[in-house]
Amino acid sequence: MANLPEELINEILLWLPVKSLLRFRCVCKSFCAIMESQSFINSHFKRSSENRIHRKLIDLGVHWKGNEGLLIHALDFNEEFQQEVVLDKLFPSMSYPLLFSYCNGLVLLYTFPCEFYVWNPSTRKYRILPGFPVTRTHNLKFALGYDSTTDDFKALVFISKKGCGFSQVWIFELKSSCWKRIRDCPYVGYDSSITLRGSGVCFVDGALHFICYGKSYMIVAFDVAKETFSIVHELVYQTKEIPIRLDVLGGCLTISFFSTSSEGCVDIYARKKDGVAFTWTRLYSVTRQFSREVFNCFVEGKVAYSKKGDKVFLSSNGKLCSCDFGEKTLQEIVSKPNIPSDIFFCTESLMPVG
């Protein structure tokens with residue numbers, strides 16, 4: 001190894017999973033220095049994301065045994081799933097489900113009465129954020145975003161009043177480790193679809209996107225770097241369908257609509273760039289006729305998309321299933337009867353939490 005050039009060592013390390021990298025930090029000081037550099041951490045995450053490797057499907061729900069705390073499960077997923085493992089044991093004294101928002105390898109967790117944690121599922125490290133400045137937070141919503149201009153993560157927190165839209169907007173910057181209040185969301189009279197369980201908001205193209213409801217609906221984008229709000233004007237024209245969820249699929253923003261017709265269906269559209277403009281294209285429809293269980297998962301938001309979008313993974317009544325719309329098949333992967341859970345894909349990362 002001593003005769004290998006540093007560039008080649010760096011290239012080899014970039015292809016390894018986080019578990020191996022954490023072990024190899026003990027080999028020598030130079031290895032440790034490489035892996036702790038922010039440039040390597042960013043390059044490793046980018047390499048893994050672009051090549052669809054080192055991914056896990058996180059099963060985040062009410063899984064606890066006695067005093068062991070909350071058990072978080074994970075499934076390795078490259079081409080096929082490997083054996084399920086217990087990923088972490090957090091919060092030994094807590095019996096609540098975790099509420100979360102995921103972005104670029106890190107997860108923002110929320111527990112009652114009002115505590116925020118930043119957690120890296122790959123390194124198993126987490127930190128407790130300083131106390132939130134507002135004590136009365138019964139209508140609190142949050143999301144995690146990444147600012148590429150400062151290489152920093154930001155937690156965005158809304159506090160809203162019923163029927164009045166957003167009253168306060170707060171931001172926590174991981175590097176400065178402090179809360180600050182910014183200008184209120186300008187869309188008064190609208191209420192967001194961001195829920196405490198992580199669905200309804202997604203990070204794409206440097207902005208957090210979420211749906212706002214008023215007399216009609218609109219998609220609002222919050223630029224994480226500029227800390228400004230704007231509206232996504234290219235809306236899907238629908239008169240009898242209700243927008244219920246945003247996702248990211250293949251690097252594109254997607255929106256799901258629920259039909260109020262007697263048949264019932266969920267239509268999924270993707271926002272793709274066509275030259276200089278954006279257009280919405282329908283990807284597929286999910287109907288009750290295909291499977292009532294699958295349909296209910298889409299309505300409730302208990303879904304996670306594979307990187308290519310060729311498969312959708314569902315969490316229903318304690319079962320984790322894989323749905324292939326091309327083959328019209330539904331396959332059960334893991335069963336934990338009557339245990340509610342949320343699922344999301346996570347690319348392995350060495351991102352520090354502090």
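This is a short tour of the structure above, stop by stop, with something to select at each one.

**Before you start**

You're looking at a predicted model, where local features need pLDDT of at least 70, side-chain atom pairs count only at pLDDT 80 or more, and totals for chains, interfaces and linings use all residues. Residues are numbered from 1 along each chain as its sequence is written, and side-chain values use heavy atoms, with hydrogens and water left out.

**Stop 1: the whole chain**

Show the protein chain as a cartoon and you have 5 helices and 25 strands to explore. Helices (H or I, at least four residues) and strands (E, at least two) are DSSP runs, numbered from the N terminus. Of the 354 residues in the chain, 53% are buried. Here, buried means under 20% relative accessible area, exposed means over 50%, and partly exposed is in between (1.4 Å probe, protein chains only).

Contacts are worth a look too, a contact being heavy atoms within 4.5 Å. Among those between residues at least 6 apart in sequence, 48% join residues at least 24 apart.

**Stop 2: helix H1**

Select residues 6-14, which form helix H1. Its buried residues are Ile 9, Leu 13 and Leu 14. Looking down the axis of H1, you'll find them within an arc of 135 degrees, so they line one face of the helix. (The arc is that of the directions from the helix axis to the C-beta atoms.) An α-helix has 3.6 residues a turn, so residues three or four places apart point the same way. The cover over the buried residues of H1 includes H2, H3 and H4.

**Stop 3: helix H3**

Next, pick residues 29-36, helix H3, and colour its buried residues: Phe 31, Cys 32, Ile 34 and Met 35. They take up an arc of only 160 degrees around the axis, which puts them on the same side of H3. Helices H1, H2 (18-24) and H4 (38-50) are included in what covers them.

**Stop 4**

How far apart are the end C-alpha atoms of H4? They are 18 Å apart, which agrees with the 18 Å that its 13 residues should span at 1.5 Å a residue. The expected span is 1.5 Å times one less than the number of residues.

The buried residues of H4 are Phe 40, Ile 41, His 44, Phe 45, Arg 47, Ser 48 and Ser 49. Zoom in on Ser 48, which counts as buried because its relative accessibility is 0%. Leaving aside residues up to four places away in sequence, Ser 48 touches Ile 53, His 54 and Thr 347. H4 is followed by Arg 52, whose phi is positive, near 55 degrees.

**Stop 5: two open sheets**

Strands count as paired if DSSP finds at least two bridges between them. Start with the open, antiparallel sheet of 4 strands in the order E4-E5-E6-E7. Its edge strands are E4 (99-103) and E7 (125-128), each pairing on one side only. Find Leu 109, which stands opposite Tyr 117 in E6.

Now jump to another open sheet of 4 strands, ordered E17-E18-E19-E20 and also paired antiparallel. Strands E17 (241-249) and E20 (277-287) are at its edges with a single partner strand each, so one side of each has no neighbour in the sheet. Strands E18 (residues 252-259) and E19 (residues 265-274) pair over 6 bridges, and the bridge partner of Ser 256 is Ile 268 in E19.

**Stop 6: a hairpin**

Select strand E13 (residues 201-204): Val 201 and Phe 203 on one side, and Cys 202 and Val 204 on the other, are all buried. E13 pairs with E14 (residues 207-213) in the antiparallel sense over 4 bridges. Phe 203 has Leu 208 in E14 as its bridge partner. The two strands form a hairpin with 2 residues between them, and Asp 205 in the turn has a positive phi of about 55 degrees.

**Stop 7: the core**

A nonpolar core is a set of buried Ala, Val, Leu, Ile, Met, Phe, Trp, Tyr and Cys residues joined through side-chain atoms within 4.5 Å. Which residues touch the most other members of the largest one? They are Phe 116, Phe 132 and Phe 229, out of 55 residues. Strand E9 (residues 152-160) gives the most to this core, with 6 residues.

Finish on Phe 229: among the residues it touches, not counting those up to four places away in sequence, are Phe 158, Val 169, Tyr 187 and Phe 210.
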